[in-house]
Structures are given as structure tokens and as C-alpha cells.
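Good morning, colleagues. Please look at the model on the screen while I describe its fold and its chain contact.

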Amino acid sequence: MIADEPTLARLMQQAQGGDKQAYTVLLTEAQLWLERYYRRRVPPAQLDDLVQDVLMALHRKRATWDPTRAFLPWLAAIARYRWVDHLRKVYRAEEDALEDYDAAEDSEEDAVLARMSLERLFVHIPEKQAEAIELVKIEGLSIKEASVKTGQSESLVKVNIHRGLKKLSALVEKAE
Amino acid sequence: MTMTRAPNPMIESMAEELVPVRPMTLRSGLLWVALAAAATIVLVELVEGLWHGILAGQASALFWIANGLLLVLGLAAATSAVMMSGPRVGNRHEAPKWALAAVAVLPFAALASAFDSGTMQSPLSDPYGLECALHGLAAGLLTAVALTLWLRRGAPVSLNAAGLHTGLAAGALGSVAYGLSCPLDGAMHLGTWHVLPVVAAGLIGRFAIPALVRW
């Protein structure tokens, strides 16, 4: 059973105040809530990534929750927003795949350029994080496949992606 | 509460880096906008000089009505934009629509009164009209920047509406701020040239701001 609205709101208020224990409980509960929320709308293979994406959004935007208002409508709004964004990305990926099929040479050249540019970014983050991001976010492997290929545990792959993306986002303009 | 599941390392990682945050409340957002609007009025006083006839009772009733409606629109749109920084399923943002409809009466009233009095003049014959509109638009800049920064800190999920309402708020509050320096208080002047910045800023906001506040 997932925590009720008053409990979640209290935990979130404590988390905004810096209570790490309350925050751990809140995020665990939010994870369960999101898994249930998305279950019928997202393919099982994409569920983990999307839930992780929303948890990161919750983390980054936690100041936007007003303690005088309910917590779950706030979380649901973010979950919907990220879900729509996710669908957009999936659609783009399918479009890209079709374009690749029609014009293999051009897209291969584009891909090489993109990889070069990403390589420049990757030299600024730890190798394990770069490897996890490259395999899962660029080559499209699942967390499990990346785990097998790298010898890192699935959890470690997730942590490395989280930490690596955080560093990369700060490096986007700086890395040359 | 379900606590039997194995701990997620990503959650532990996020909890580790947790620092206290100050919640973005409606009150703090509105205070931020009020500061921008107050700074705009100070700038108008420094650059143009406020019209002292207002306090001396020389302003027409229409001056108060037009600026009052614009102020209501500005407050409604600014409140809506500030609220959008904190998303919530179930949020409704209807107030600016009704306030905009009320302001839209002004140009019609100007035209109707001109027809009735038989002294129909084109708004284009107003030598100060364009200047007022452009200055009113420019006076909305600080409010637009303040709201955009607020939205960028926030988590807006209705991006187009957030852009539109930011533009409407900036245009309306800018028009009011600049209007405090304008002694032209006729129906045609107020109903056209002081409403135009609202329309222009609304359109600019609708198309320029969503890309700036996307997250």
C-alpha cells in the first residue's frame, strides 16, 4: 500500500527542509506510485527509465511544490509532462530510424560528427559514467544489457547514468 | 507504507545530495512581480515623469476605468503565470481570459463613442499614439523578464499558456506604468494605443517564451 496524500505532503515538506531520511521514504513511495501510474500507459521496457526521469524531475524541481497545496496533483502534473515528453522522444527516435534507413551514408556521417562532439564532452566525466550513458542513452541498450556488457551491476549503471548526466548537463556549454 | 522493497541506489544518491530549498509560493512570486512593476514605475518617473494631474484630480473617469481594467488584467495574468511555475493537475487559468475580455471592451467603446458623437477620427491621426504604444510595450520588459525568470526556476507544464499569460501581464502592467505619465485620457487614445501593448506583448510572449521556460 502506498502512503496517503497527507503522509506524502508531510514527507515532502520535511524534504524541502533538508530531511534526508524523509526524502528517501518519499522518493521510494513516489517510485511505487509512478510505477502504478504508468503501468498501463508505458511499455514495461521503458517504465524504469521514465520513472527514473520523473524522480529526477521531482528532485530538481522540488522547490516548486507549495506546502499549502496537495502533493499528488503536483507529482501527477510532472508525471504527465514527462510522459508526453517521453512519447515525443520515442516518436523522434522512430523518425530518425526511418531516415537512417533511407539515407544511410548521410546519417552515418551525422552520427560520426555527433559522436565526435559527444566524445569531447565525455572526456570530462569518469569513464564508468561515460560508458553507462553511451550504452544506454546513445546505443539504446537496456540497463540489464549495459550491466552485462560493462560488468557493472544494474543499480550501478543507473547511478552512473544519473551522476554522469548531471555532470554532462553542467558541461554542455563549457566542454570544448 | 511499503518499505519491503530493496533500496534504489539512485534514490539514495538523490537523498545524499539533498539540500534545503525555499518553496516557490504564490506570495513570493507575486512579490517578485510587484518589485518589477514598482521598479518600472520608478523608471517611468525618472525617464518621462509621472503626470501630476492624476493626483490633482484632472484625470477623466475613463482614465481610471481604462487603467483599472488593465491593472486587473495584469494582476490576473501575472498571478496565473506565477501559479504555473508550480504545476498541478486540476489547475485552471481562466481569470486572464475574462479580464482580457473586459479590456477588449475599451477599443469597442472608443469606436462607438466616436460614432455617436459624429466626430469619427482615425486612431492613426493621433500624433502621440504610436509613441505611447511603443513606450507601454517597453515598460513591460521588466515584468516580462521577472516572470520568465520565475518560470524558468519553476516547473511549468502548460508552456504556451505560460508564455501567453506572461506576455499579457507584461503588456498590461507596462501599459499601466507608462500610462501614469500620459496626460491623454480620451476614449480613442486609451482604447487603442494603451491596449495595443497588451495585444503585442501577448503575441510575443505566446511565441517567444515557451522555448525559454521549457525544462
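Chain B contains nine helices and zero strands, where helices (H or I, at least four residues) and strands (E, at least two) are DSSP runs numbered from the N terminus. In sequence order, the pattern of chain B reads α-α-α-α-α-α-α-α-α. This is a predicted model, in which local features need pLDDT of at least 70, side-chain atom pairs count only at pLDDT 80 or more, and totals for chains, interfaces and linings use all residues. Residues are numbered from 1 along each chain as its sequence is written, and chains are lettered from A and ligands numbered from 1 in the order in which they are written.

The C-alpha trace of chain B spans about 80 × 35 × 25 Å along its principal axes. Of the 215 residues in chain B, 45% are buried, meaning that 20 or more other C-beta atoms, placed from the backbone, lie within 10 Å of the residue's own.

I turn to the contact between the chains. Chain B supplies 28 residues and chain A 38 residues, two residues being in contact if their C-beta atoms, placed from the backbone, lie within 7 Å. On the side of chain B that touches chain A, helix α1 (residues 9-16) of chain B gives the most, with seven residues.

Finally, helix α1 (residues 5-16) of chain A. Its buried residues include L8(A), A9(A), L11(A), M12(A) and A15(A). They lie on the same side of α1(A), because they cover an arc of only 165° around the axis, taken from the directions from the helix axis to the C-beta atoms. After α1(A) comes G18(A), with a positive phi near 105°.

Technical notes
Buried ≥ 20, exposed ≤ 12 C-beta atoms within 10 Å, placed from the backbone.
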